[in-house]
Amino acid sequence: MLDTFIDALAATSLSQWVQSTGWAIPVAQSVHILATGAVTATSWIVCLRVFGLMRSPEAVSDAIAASFRWIYAGIVVLLLSGALLVIAEPRDILPNRMFQLKMLGLLLALALLQLYSRYVHRKSESGGTSRGSKVLATASLVLFLAIVVAGRWIAYAGT
Amino acid sequence: MPGPSVLAFCRWLEHTAAATTIAESDWLFPAIESLHVIALTTVVGSIALVDLRLLSLSARRIPVSRIIDATLPLTWAAFVLAVISGALLFATDATGYVENPPFRYKMLLIACAGVNMLVFHLVTGRRLREWSTEHTPAAAKLAGALSLILWTGTVVLGRWIAFA
């Protein structure tokens with residue numbers, strides 16, 4: 001079934017266009033890396049603030065809530081640019097084990113982010129530096145960094 | 001094109017124990033590349049937060065000085081990691097990279113971004129702590145815009161190294 005889907009995707013005019021346009025893939029990859037910057041930098045900042053290792057210019061819970069907007073915006077751009085990269089080379093990417101692992105990590109990260117958003121919202125009065133916040137911030141950061149690493153290894157992994 | 005002394009240095013670099021170990025290993029190159037991506041995305045992302053504030057496009061209620069104080073240690077730590085990992089990747093094929101146009105332009109843009117930051121810290125941002133919260137001076141907006149353009153260019157050129 002995956003093969004039928006891959007063939008259909010590779011036959012779309014968008015896929016053909018991206019493959020035949022020399023600059024489309026490096027541009028999409030560059031956008032993908034820049035959007036990764038929004039997610040990784042913000043995740044580091046959330047983690048460092050929650051652990052009190054970074055001076056916060058505002059209340060920690062406000063800072064975290066503001067950071068989530070950057071993370072979500074980054075993820076939207078990552079999904080769009082990533083989708084274009086998959087459409088461009090579905091035969092290489094969709095069966096790739098590292099890509100599949102990356103998508104699994106992404107689903108986990110999205111679930112974790114939802115959990116953390118709700119947690120911060122509920123705990124906003126108390127500042128958000130509880131043990132729960134520390135666990136969620138660390139888990140999100142580690143997961144995002146693991147997703148970045150998996151993304152880099154797609155080029156080296158087999159199917 | 002690079003001079004003979006630069007090429008001689010690059011050839012020496014390629015034959016150091018570190019370079020040959022990385023080049024001959026199946027996993028070291030992608031592992032160092034992964035560290036480089038983590039470091040550079042953290043550098044660019046944390047700098048962009050300051051740039052967007054300088055352009056008054058985000059966090060307008062927070063003084064610029066407090067955003068810089070908070071993010072600068074993270075930016076520097078990630079920059080050091082990016083330089084070390086980048087130098088190790090460079091060493092594996094120094095003669096190839098030094099003649100690769102996107103790589104050369106990437107180094108030039110990083111140098112320009114450094115000069116832009118230096119001018120901001122020494123001239124434009126000297127009275128940073130006296131700025132009103134709402135508005136940033138035009139020179140600060142220019143520094144923010146230049147920084148965003150230069151770092152975006154650095155990422156694009158870095159990605160282009162593999163395609164050149």
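**Figure 1. Salt bridge between R129(B) and D69(B) in the predicted model.** In this predicted model, R129(B) and D69(B) form a salt bridge in which the closest N and O atoms are 3.2 Å apart. The pair links distant parts of the chain, since R129(B) belongs to the loop between helix 6 (101-124) and helix 7 (138-160) of chain B, whereas D69(B) belongs to helix 4 (residues 64-92) of chain B, and 60 residues separate them. The two partners can also be described by their accessibility: R129(B) is exposed, with a relative accessible area of 62%, while D69(B), at 25% relative accessibility, counts as partly exposed. Side chains of opposite charge can pair when their charged atoms come close.

**Figure 2. Salt bridge between R127(B) and E130(B).** The side chains of R127(B) and E130(B) meet in a salt bridge, with an N to O distance of 3.9 Å. R127(B) is exposed, and E130(B) is exposed as well. Over all chains, the structure holds four salt bridges.

**Figure 3. Salt bridge between E33(B) and R152(A), crossing between chains.** A salt bridge joins the side chains of E33(B) and R152(A), at 3.6 Å from N to O. The pair crosses between chains, running from E33(B) in helix 3 of chain B to R152(A) in helix 7 of chain A. Are these two side chains buried or exposed? E33(B) counts as buried because its relative accessibility is 14%, and R152(A) likewise counts as buried because its relative accessibility is 17%, the cut-off for buried being under 20%.

Figure 4. H36(B) has its place in helix 3 of chain B, and the residue is buried, with a relative accessible area of 14%. Leaving aside neighbours within four places in sequence, H36(B) is in contact with A82(B), S85(B), G86(B), L89(B) and K106(B). H36(B) and L81(B), which are 45 residues apart in sequence, are 7.2 Å apart in space when taken from C-alpha to C-alpha.

**Figure 5. The largest nonpolar core and the contacts of F144(A).** The largest nonpolar core has 26 residues, of which I64(A), F68(A), I71(A), Y116(A) and F144(A) touch the most other members. At least two residues of this core are supplied by each of helix 3 (24-50), helix 4 (60-88), helix 6 (97-123) and helix 7 (131-153) of chain A, and also by helix 3 (28-54) of chain B. Helix 7 of chain A gives the largest share of the core, eight residues. Leaving aside neighbours within four places in sequence, F144(A) is in contact with V39(A), S43(A), I71(A), I75(A), A109(A) and L113(A). In soluble globular proteins, nonpolar side chains tend to be buried together.

**Figure 6. Chain B as the setting for the views of its residues.** Chain B has seven helices and zero strands, and its C-alpha atoms fill a box of roughly 55 × 30 × 25 Å, taken along the principal axes. Of the 164 residues of chain B, 49% count as buried, and among contacts between residues at least 6 apart in sequence, 78% join residues at least 24 apart. Chain B exposes about 8600 Å², of which carbon and sulfur atoms supply 69%. The chain carries 12 positive and 10 negative side chains, and the centres of these two sets lie 16 Å apart.

Note on methods: Residues are numbered from 1 along each chain as its sequence is written. Chains are lettered from A and ligands numbered from 1 in the order in which they are written. This is a predicted model: local features need pLDDT of at least 70, side-chain atom pairs count only at pLDDT 80 or more; totals for chains, interfaces and linings use all residues. Side-chain values use heavy atoms; hydrogens and water are left out. Helices (H or I, at least four residues) and strands (E, at least two) are DSSP runs, numbered from the N terminus. Buried means under 20% relative accessible area, exposed over 50%, partly exposed in between (1.4 Å probe, protein chains only). Contact means heavy atoms within 4.5 Å. Accessible areas come from the Shrake-Rupley method with a 1.4 Å probe; for residues, only the protein chains shown count as cover. Lys and Arg count as positive and Asp and Glu as negative; His and the chain ends are not counted. The place of a charge is taken as NZ of Lys, CZ of Arg, CG of Asp or CD of Glu. A nonpolar core is a set of buried Ala, Val, Leu, Ile, Met, Phe, Trp, Tyr and Cys residues joined through side-chain atoms within 4.5 Å.
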